[in-house]
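Me: Could you take a close look at one part of this model for me? I'd like to follow the charged side chains and how they pair up.

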Amino acid sequence: MEIRKGTMQDIDELSALYDDVTDYLETHINYPGWRKGIYPTREDAKRGIQENTLFVAQKNQRIIGTIISMDTKRYFSFMNILIPDHAVILPKRFQR
């Protein structure tokens, strides 16, 4: 698995990931309270990329998760350990 900064080329895949996650949360315990079309959305991904705060977790050339860190200085200053403010990882994407 690789973690890298998100790019605008990732938007469609991130949007699909967010939809998958919110669909899953609608039928399971929804600890973060996320709702499809409310949060997280395609626009949240775009904003994270534009603000350089969105990272993606990628396996086999496929995005399996995303992380938004509101303070990227923490990422670079703590020996490259990312401390996210929110993270989305959908385990079923690991199997694809």
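Reply: Arg42 counts as partly exposed, at 32% relative accessibility (buried means under 20% relative accessible area, exposed over 50%, and partly exposed in between, with a 1.4 Å probe and protein chains only). Its partner is Asp12, and the two side chains meet in a salt bridge, 2.5 Å from N to O. That term means a side-chain nitrogen of Lys or Arg within 4 Å of a carboxyl oxygen of Asp or Glu. Asp12 lies in helix 1 (residues 11-26) and Arg42 in helix 2 (residues 42-50), so this pair ties together parts that are 30 residues apart in sequence. Helices here are DSSP runs (H or I, at least four residues), numbered from the N terminus. Asp12 itself is exposed, with a relative accessible area of 55%.

Quick note on the ground rules: this is a predicted model, so local features need pLDDT of at least 70 and side-chain atom pairs count only at pLDDT 80 or more, while totals for chains, interfaces and linings use all residues. Residues are numbered from 1 along each chain as its sequence is written, and side-chain values use heavy atoms, with hydrogens and water left out.

Now stay in helix 2, where Glu43 and Lys46 sit 3 residues apart, about one turn of the helix. Their side chains also meet in a salt bridge, at 3.6 Å from N to O. Glu43 is partly exposed at 45% relative accessible area, and Lys46 is partly exposed too, at 26%.

Arg4 and Asp10 are both buried, and they form a salt bridge with the closest N and O atoms 2.9 Å apart. The count comes to 5 salt bridges.

How values were computed:
Helix = DSSP H or I, 4+ residues; strand = E, 2+ residues; numbered from the N terminus.
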